[in-house]
Every structure is written in C-alpha cells, then in structure tokens.
2 protein chains.
Amino acid sequence: MRVLITGAAGMIGCKLTARLAADGMLAGRRITALDLHDIVPAPAPSIDGAAVRTLTGDLAAAGAAEALAAERPDIVFHLAGVVSGEAEANFDLGYRVNLDGTRALFDALRLAAHAPRVVFTSSIAVFGAPFPETIPDDFHPTPLTSYGTQKLIGEALLADYTRRGFFDGIGIRLPTICVRPGKPNKAASSFFSGIIREPLAGQEALLPVPRSVLHTHASPRSAVGFLVHAAGIDGGLVGPRRNLTMPGVAVTVGEQIEALRRVAGEGAQRLIREVPDEAVWAIVKNWPTRFAAERAHALGFRAEQSFDDIIRAHIEDELAGV
Amino acid sequence: MRVLITGAAGMIGCKLTARLAADGMLAGRRITALDLHDIVPAPAPSIDGAAVRTLTGDLAAAGAAEALAAERPDIVFHLAGVVSGEAEANFDLGYRVNLDGTRALFDALRLAAHAPRVVFTSSIAVFGAPFPETIPDDFHPTPLTSYGTQKLIGEALLADYTRRGFFDGIGIRLPTICVRPGKPNKAASSFFSGIIREPLAGQEALLPVPRSVLHTHASPRSAVGFLVHAAGIDGGLVGPRRNLTMPGVAVTVGEQIEALRRVAGEGAQRLIREVPDEAVWAIVKNWPTRFAAERAHALGFRAEQSFDDIIRAHIEDELAGV
C-alpha cells in the first residue's frame, strides 16, 4: 500500500512517519511506498520492503498536487498547513497554504479518481467563543481566527468531496498538543507545554495565566494515534458528518502542575514562575475548555486518561525514559 | 451612495433592483450610482439622480471582480450564484461560480480597502439532516449538497473578512422563496410554488409529496426586504457571528393548500392533483422544516405572518392585484 504524508517535516508529520516506519503496516496492510511531502525535506526513515521518497514543494503551486496524486496513494495524511499565529499575521500566506493548498490536493485526488482514504488534520480552532461548559460534537463552528476559518473550509470541502465519492475523508479536530517537544515559541499556547517541558529539563518556565485556566490536551503520541486510527476506520460507521472532535484530557493549569509534581517531584514544580501576561490571558480566555468528543470515543479514538499519562508519554518519547 | 448588485439578472436581483429604484434610497442615503452585474444583462430601471449601469461578465474571471471593486461601492449585494440543482449536476461550474466567484469578489473588495457593507445571500442549504423539530440559530452547518457547502464556505469567508475589517458583511440565509414567479423548473422544491402559482393562473399543478410535509417559506417581497434591511443594519449589533437564518412562515403543504382555498376559493384548490413522486419525496424529506430565527427577529428582520399573506403578496406583486 502507498501512503502520502503532506506536512511530513512538521512535528506531527515526523512522529507519524516514525510510527509508520516502526509498524511497517497501516490499516491492516503492508506499507510498500511512503511519500513524504513538505516545503522542506522531511527526515526519511528506511522501511523494510517499502520505497520511501522525500518530496519538496508548495502544494498550491501549479502541478504540485497533481504529481502527488498521480502516484495514486491509498491513504493520504494531509497535515500541511501554516499554524494559527502565522495565518493570522500573514493573511495571504495562510489562505494560500491552508485553503488553496488543501483544495489543490483535494482536487488532484478527485481527478486521479481512485478514491483514497484522506485523513485531514483540522483543529478545535474551528470553534469560537462563547462556549458552553462542555462543547458537544454538534457545536456550531464559528471560528474567530483566519486559521480556524481555513480549517473549517477544509472540513466543508472534505465532507462534500467524500459525499460525492471523490475520496473517503476523515477530518480530525486536534486539541492542543501537549507536551510539544522543542523550544518555546510565540504561540499563545506555548506555555501549556513549557510549564512541563522546561522543568523536566531543569529549566525555569513562565506561567502567564491563572492556574484556574481549563484546557484540553492530547500528547503528540495520541495525535499520531488518532491519525493512524483514522486511516483504518470504517467510513460507513462515520456517516456524512466526516469531521470529528478528538478526545483529550481536560485539566486546569493547576492540575497540570500537580501532575508534574506527582511525576517529577517538588523540584520540577518549583521551576514554574508565575508572570501574568495580560495579552496572553486575553487570548487564552476565549479558548474552548472541554469537549464531549462522544463520536470519536464511539469510533474508537483514544487519548490519555490523565495529565500524568501525558507527562509520562513525553518522558518516554522525548527524554528516552530518563 | 454607490450600490453594486451581483446576480442582478436573477429573480431576486431584479426585484431588489426594482425596490431600490422605487425607494431611491438605501440605508438612509440617496442612491447616486447603481451597478447591476450578471453574466447576462440585467434589466436597468432609471433612477432620478442616479447613474445606473448594466455590466456583464464572470466574477471568477481575472480582473472582473477588481473592476467592480474599483468603483468603491458603499453597499454590495452579492447575490450571484448557480442554484442548488445546477451546482449538484455540474461540480466544476458550482465551485467556480459559488466559491471562486465569491472569493474573487471578497478579495477584490479587501484590496480596494474601503470596507463597504456586503450583504451575501446564503441559504438554509448550509444545514443537513438529521434536524431537531425547530432548528436553532446555533445549529451546526453540515451541508449535504455542493451548493450548501459552497454557501457555507462563503459564510466562513464573510465572517473572517469582516472580523479583519476588510468589509462589513452580513450573511442572509434565505428560506425557500415562495411563491416564485415564472414557470415550473426541475428543482425538487418547484412544487411548493407551483401548487399556488398554477392554480391562481387557472392551470393544473402536480403535488408530488404528502400534505404533511412541513416547510418554511418567505415571499420574494420578504427576501428583498431582508436584503434592504441587512444593508442598513448596525454591524455592531450583529457581533462576530455574521450569518443569520432568516424568518419565514412554517406550514405544511396541507396548510398551504388551505390558505389557497381561503384566498382564491375552492376552484383554485381543485386544480391541485396529487401525483406522488418517490424521487422528489426522497429529497424533500431530508429538508429542514422550521427555524427559530431568533437573532434575525431581534435584529428587525420580518417575514410574512401567515401563508395567506404570502399568497396575497404574490397576487399583488405578480398578478397586478387581480
């Protein structure tokens, strides 16, 4: 079976690639070809019996998506996109990559006419405040960012192209991914990972919001698990509503910190310094808190059970079990 | 004030144009220029003190939308689009006109940078079955047609472009327009108008569905009223959720026929012949029935109070009061 990953050089793309390389299989079939596409070269593992190719380019450029679709991949993971902050700061880039790129890929797959499974990473950014205490699966999407708007449009296209039989799409609305490996970034959500990642590495972390902030998290490992599960799911069970809010662990920042203390001790917790930042707080307080995710649960999608599990996954996957 | 109407040659476009010509005013200001755009020439009335231009072309063609935006219209009515049945039958045409054309217009207005009021005709086709008994304003849009998908994408773009201050958009989700003047067409909804229009003209009409079918209607006159009201509404009162489900009259087909009897007598009613059509019924039974439309009501949008009123509006507007 041939697999295509767009956005393969990103954090989730790399972890998905590593998982596929380790499994050698996907959706019950052996992987014989893996195409890794991104604007920069993605790390390419070797897989026994599989041809792994690294491809670079801009999906929205003429002919780029057609070249990928011409290989008739059986399963497509469409992860490519610019992130929320970038899509907000650069209007043209966001629409070009997140809308034009997605539409170009979907249209190329439509014209290739082999109806692959397409797994599309959407986001809880399709939702906009005000929110109920728990956001149900059928909450109306009213995004308050250009990124969320672009993801919503991708979802709508995915559903229509699936309904018409052009491909068999599953949209995965990811919650905040935590603990993100690597360095802090300028995203308003950066601290959710920072307050765990930095103390575990013996470094100080700043907490810009009150400990009462409630938010839903899933580990990078769970995010990859969602994608792999979506690749093999029976589309008939999903029905016409193809976009699914993923489960996660809903905890307050205070509960995150308590979990850190349980898993890594008092010393780690003391490295968190509260430095209120009104600008970050103004953004974060409009974010969704908790999701019902009943459809995803019923379809077998699973996240961690506790924030302790999320921290342990980070330690196992990033800190080599140290 | 300069006004632009796209889709000006369509049924609603013509009636809106006639209303503007009769009023001479819009949103409390005198109309000094009216641009009527469509793929075919729209009928152009004369308006005292106003320059009325008829323009033809394809909005999605290079430069077309830019030429319209360069005139810096104060109020834009974006009605242009291919209808539901056509968008379903011709995938490429539907996406080109309803998505690419809309986006081209919105982007041209963005780049013209004068932030006009934009009134966009969306549709209840953004909603897909299954439905609750009454569809609330915050029901999630999960369209089951390409037309509904394209309208949903237009709504999402409208909201994002408004949020960013590129223009001040109001999306108007029209219910079924009844009584449509003219001839029966191949739309599955055609009979809703046909069972009133044909008997009033002394002709037989076929009824393909059970009399128990419940559906929401607004007259062409009300649809024009919604558009005119939207042109003058205070955007600050609308808030970030820019797309509004319009009110209408929810009646069963049986109640439509009773209203016809009350308004036009027994003879008219006897011209309706029940000829069940499984294909039409299969489509119609998945359509939304009744809408809460609370936000639209609160913002001052008004439809008829009864189906009798809808029939009388048709008689007054189309049959010269006969």
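Which residue in S9(A) does Ser123(A) stand opposite? Ser123(A) stands opposite Leu174(A). This pair belongs to a predicted model, in which local features need pLDDT of at least 70, side-chain atom pairs count only at pLDDT 80 or more, and totals for chains, interfaces and linings use all residues. Residues are numbered from 1 along each chain as its sequence is written, while chains are lettered from A and ligands numbered from 1 in the order in which they are written.

The sheet of chain A is described first. Helices (H or I, at least four residues) and strands (E, at least two) are DSSP runs, numbered from the N terminus. Two strands pair if DSSP finds at least two bridges between them. Seven strands of chain A form an open sheet with parallel pairing, in the order S5-S4-S1-S6-S7-S9-S13. Strand S5 (51–56) and strand S13 (243–245) of chain A stand at the edges; each has a single partner strand, so one side of each is left without a neighbour in the sheet. On average, neighbouring strands of this sheet are turned by 15° against each other, direction ignored. For such angles, axes are lines fitted to C-alpha atoms, for helices over the stretch in contact, and angles run from 0 to 180 degrees between N-to-C directions.

The pairings can be followed from strand to strand. Strand S1 (residues 2–6) of chain A runs parallel to strand S4 (residues 33–38) of chain A, and five bridges join them. Here Thr6(A) has His37(A) in S4(A) as its bridge partner. S1(A) also pairs with S6(A) in the parallel sense, over four bridges. Ile5(A) has Phe77(A) in S6(A) as its bridge partner. Four bridges then join S6(A) to S7(A), again parallel. In S7(A), Phe77(A) has Val119(A) as its bridge partner. Seven bridges pair S7(A) with S9(A) in the parallel sense. Three bridges pair S9(A) with S13(A), also in the parallel sense. Across this last pairing, Ile172(A) stands opposite Leu244(A) in S13(A).

A residue is buried if 20 or more other C-beta atoms lie within 10 Å of its own, exposed if 12 or fewer, and partly exposed in between, with C-beta atoms placed from the backbone. In a regular strand the side chains alternate between the two faces of the sheet. Strand S6 (residues 75–78) of chain A is covered on both faces: Ile75(A) and Phe77(A) are buried on one side, Val76(A) and His78(A) on the other. S9(A) is largely enclosed by the rest of the structure, because six of its seven residues are buried.

The largest nonpolar core has 182 residues. Such a core is a set of buried Ala, Val, Leu, Ile, Met, Phe, Trp, Tyr and Cys residues joined through C-beta atoms within 7 Å. Among those with the most contacts inside it are Val119(A), Ile172(A) and Met246(B). Two residues are in contact if their C-beta atoms, placed from the backbone, lie within 7 Å. Leaving aside neighbours within four places in sequence, Met246(B) is in contact with residues including Ile172(B), Leu174(B), Phe226(B) and Phe301(B).

The two chains were then compared. A rotation of 180° with 0.0 Å of shift along its axis superposes chain A on chain B, with RMSD 0.0 Å. The two copies are thus related as by a two-fold rotation axis. The superposition is by least squares on the C-alpha atoms of residues with pLDDT of at least 70 in both copies. His140(A) comes closest to the axis of the residues of chain A, at 2.0 Å (C-alpha). The contact takes 16 residues from chain A and 16 residues from chain B. The side of chain A that touches chain B has seven nonpolar, five polar and four charged residues. Ala, Val, Leu, Ile, Met, Phe, Trp, Tyr, Cys and Pro count as nonpolar, Asp, Glu, Lys and Arg as charged, and the others, Gly among them, as polar.

Some backbone features lie in loops. The peptide bond from Cys178(A) to Val179(A) is cis, with omega near 10°. Val179(A) is placed in the loop between strand S10 (176–177) and helix H6 (190–200) of chain A. In chain B, the bond from Cys178(B) to Val179(B) is cis, with omega near 10°. Arg72(B), a residue other than glycine, has a positive phi near 55°. Its place is in the loop between helix H2 (64–69) and strand S6 (75–78) of chain B. Arg72(B) counts as partly exposed, with 14 C-beta neighbours inside 10 Å.
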